Amino acid sequence: MKLTVLGYLGGFPAHHDGTSSYLLTSDHFNLLIDCGSGALLSLENQLNPLELDAVILSHYHADHIADVGVLQYYWQLHEQRPNRAVLPIYGFDHDASHFDQLSWPNSSEGRPYNPNQVLKLGPFDISFLKTQHPVEAYAMRIVERSTDKVLVFTADTRYFSDLVSFSQGADGLMTDTNFAATNNGVMWHMTSTQSGQLARDAQAKQLLLTHLPADQNLTQQILVEAKQAAGDNVKVTLAKSDLIMNF
Ligand SMILES: [Zn+2]
Ligand SMILES: [Zn+2]
């Protein structure tokens, strides 16, 4: 499977880079994971947005859903698509005020995922883990059925030990790494060191640090610290716009 980073910042876009959004492709199936600020512009660099097969959302914070509305307008205003299909947007439905907005006439249809069940979506089997965040949010373990390759996305979360078994043996692990190691106080995201340790403990092959702060000096510090914590067996990469990783 091929992962393309469309946006990688946490909180707000900066220096022409957008917030959380990733394109995951396998066997001609194009899945958009989160749809943050700037996602639609970045997506247009990769493919015609009408070629999306589905969208899945980890949670409803603005830095993960900011471009859902304009993506819906894009589909609505491009009626030439085959059979006038509508775009399925998967989210949890415990929060009706947000879930209801995933459906838009002649454009998109909100589809609930059950976090307690495996979601079969195109070539992927997706399982979920509720994270520790101020609002309901779900990490995703995405298995490419044809190869058994695994991508784990922590979504937004502070560190908690269940993440280790959930991420076990991942070919790719994408972690919410919003802080340097020295950060303290109440945190709803992981530090560099926590991300590195998680990758090491879960024996992940590759660690992609994402949901990064806008301060690029801090980001370089985060990379150094995460590498140190991850050890020599994990390849550690900083997310950036248009970065492609194959698993
Ligand atoms: Zn976020
Ligand atoms: Zn969040």
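Modeller: Helices (H or I, at least four residues) and strands (E, at least two) are DSSP runs, numbered from the N terminus. This is a predicted model, in which local features need pLDDT of at least 70 and side-chain atom pairs count only at pLDDT 80 or more, while totals for chains, interfaces and linings use all residues. Residues are numbered from 1 along each chain as its sequence is written, and side-chain values use heavy atoms, leaving out hydrogens and water.

Biologist: Where does H61 lie?

Modeller: H61 is in the loop between strand 4 and helix 2 (62–65).

Biologist: Why is H61 called partly exposed?

Modeller: Buried means under 20% relative accessible area and exposed over 50%, with partly exposed in between (1.4 Å probe, protein chains only). H61 has 26% relative accessibility and therefore counts as partly exposed.

Biologist: What makes the pair H61 and H133 a polar contact?

Modeller: A polar contact is a pair of N or O atoms within 3.5 Å; within protein, one must be able to donate a hydrogen and the other to accept it, and residues adjacent in sequence count only if both atoms are side-chain atoms. The side chains of H61 and H133 are joined by such a contact at 3.2 Å. Contact in general means heavy atoms within 4.5 Å, and H61 touches H133 and V135, residues up to four places away in sequence not being counted.

Biologist: How do you know that strand 1 and strand 15 pair?

Modeller: Two strands pair if DSSP finds at least two bridges between them. Strand 1 (residues 2–7) and strand 15 have three bridges, in the antiparallel sense.

Definitions and conventions. Chains lettered and ligands numbered in written order.
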